[in-house]
Each structure stands twice: as C-alpha cells, then as structure tokens.
Amino acid sequence: MKKTLACIDIGSNSVVLSICELDKLICEIFHDSYVTQLGKNLKIKKIFDKESFDKTIDSLMTFKKALEKYSVMPSNIRVVATEACRNAVNRQELFDQIYEILNVHVELVSGEEEARLCLLGQKLLSKDISEAVLVDIGGSSTEVIDAKFKGVVVEPSYVKSFKLGVVKLRDCAKGEHPDLVLENEFKDLPDSIFKGKKVFFSAGSMTTLASMMLQDQEVDLEKINGLCLERDFIKGEIEKILMMDDNELVTLFPQVESRIQTIRYGAMILNYFFQFKNLDEVVFTSFGLRHGAIIQKCGVL
C-alpha cells in the first residue's frame, strides 16, 4: 500500500514543500516554493522582518491546501527549520503559528544535521551513490559535507555549516566588499575538499542558476537534476549574469524574478569556490534537506 509523506523546509531565503509517495521506492509527486527572505537583516535585528514573517505564514497556508489535496496526515509531515530560525530570538512565535496551521511541531535542526539530511536527499537522484561531496547554499548559511553512506546513515569525514548564504551575503555587502566577506567566512574550508571531484550543489539559488545556464525561461527540474557542468563554462556564464542589470535578467530569465535580490550573490559564492577552492565540476540538484528528512522518517531508500 502506498504511503504519502511530506516535508516543509523553513529556510532563510525560501520556504519549500515536497510531497513524496512511498511504495517500493520514494518518488516526489509535488513540489512548491516561495521566496520569503526570512533571514533578512537577522544579523542586525535578531528578529524576523515582519514582511518576511507574514510571507512565510501565507506560504504555509497555501501548503496546507496542497497537503489536504494529497491527504497527507500530520503524523506523516516533517517541518524543519534552519539557520534563520536558529538565529531569531522570536522563532517560537513562528513555530506556534505553524503548529496552529498544520498541527505539526517544527524541528530546529543544527547546521551539521542539515548537511547530513541534504546529502541523504541525493539518494533520490541515484540510489547507487556511495559517497559524495555536497554544498547547500541557503539564505543565511552554506553547508559543506564530504561523506559516505551506510544505508540511510550518513558518515561524514568533513561537515561544517558556514554562517553565510545569499541573503546574508547581500546584507553584509552593504557595508563590505563581497569578496572580503567570502574570504573571511570560507577561509577555514579546506582547499582540497573539492579537488578532482564532482560536487553536488543544491538549493533554490543553484537550481535557478542552472536553468539560466541552460538558457531556459523556467526551472525545469527534470533537466537540472544531475546536470553536470564544468568550471570554465560556469565561470563564463556567471560573468555574463553579473554584468546584466535587473531588467535584463528578468527579461531573459523570468524565473529569476522572485530571486532577483539575491541571485547574483549565489553566483558570487559559486564563483568564489571556483577561484579559491579548486572546484572543477558541479552537479546541480534540487534534492536536499526535505528529501533527506523524508528518507530518514520512513527509513528506506
């Protein structure tokens, strides 16, 4: 008998829902996301921006309709919160409202657990992955993990959550050059961790960038999941993106409109890894934290 499970990721830049069906395999049957920028200005204020908070609640009300449509029981739903919620002093206010809407308690995951779940999510890309390096660039943090798999257990040789993502880099760049912010935050990342490896890059900014590099006008996950591109091609495309103004970007790539305030900062982070951390190839993927959380919950691949 088929079982339907879901996970909502309360991220620092976007709120994302995945609904998956479990039969003999796990298959994603519904996906939806909204850019809410919950991590906006958190470094300064330590409380959620009201507009971002309200957008997050509105998104969850929409998700509730989808969950009801697919008959997902609250006991089969996980709601996970990451860096923005780790930093906000008023996170319980958000968690209480989420519980009222969904009847599900929010799980506040650590940076290292976020990295493990993101990597575990790649099993939906291929069950045969036995070890991998993954970079998950979020709104307020970037997780890097190098690990092997033992069933649904991820055994890392390296894992770290860096306190910088696309929203935070944008906010920090108002007072300091982005290159200096990147150098300061990622100075402890080993220079050899990516060398000679295909590295998975996940999260919304990366899938949006991948769609732009394909010259598409929408994010087509079937094209993007598993897409492998080399350093020189990506660097060339990033240079073009960074030279365009907002109007030109949105005209050429309508899918970037909701991320227009942060997409360049995602490109800058990726470009930094090419320039200073020996990154050679990138495998783009939309699978991540939500999918890893679902795999972990049902305990099968």
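Modeller: Happy to! Keep in mind that this is a predicted model. The protein chain has 13 helices and 11 strands. Its radius of gyration is 18 Å, close to the 19 Å that the globule rule gives for 301 residues, so the chain is as compact as a globular protein of that length.

Now for the close look. Two packed helices are described by the angle between their axes and the distance between the axes. For helix α5 (residues 111-120) and helix α13 (residues 289-298), the axes come within 6 Å and cross at roughly 85°. That angle falls in the 65 to 115 degree range, and α5 and α13 are therefore roughly perpendicular to each other. On the α5 side, the contact is made by Glu113, Glu114, Leu117, Cys118 and Leu120. Facing them from α13 are Leu289, Gly292, Ala293, Ile295 and Gln296.

Stepping back to the whole chain, residues 24 or more positions apart account for 69% of the contacts with a separation of 6 or more. Buried residues make up 55% of the 301 residues. Along the principal axes, the C-alpha trace spans about 50 × 45 × 35 Å.

Terms used
Residues are numbered from 1 along each chain as its sequence is written. This is a predicted model: local features need pLDDT of at least 70, side-chain atom pairs count only at pLDDT 80 or more; totals for chains, interfaces and linings use all residues. Side-chain values use heavy atoms; hydrogens and water are left out. Axes are lines fitted to C-alpha atoms, for helices over the stretch in contact, and angles run from 0 to 180 degrees between N-to-C directions. Helices (H or I, at least four residues) and strands (E, at least two) are DSSP runs, numbered from the N terminus. Angles under 35 degrees count as roughly parallel, over 145 as roughly antiparallel, 65 to 115 as roughly perpendicular and the rest as oblique. Contact means heavy atoms within 4.5 Å. The radius of gyration is taken over C-alpha atoms; the globule rule is 2.2 Å times the number of residues to the power 0.38. Buried means under 20% relative accessible area, exposed over 50%, partly exposed in between (1.4 Å probe, protein chains only).
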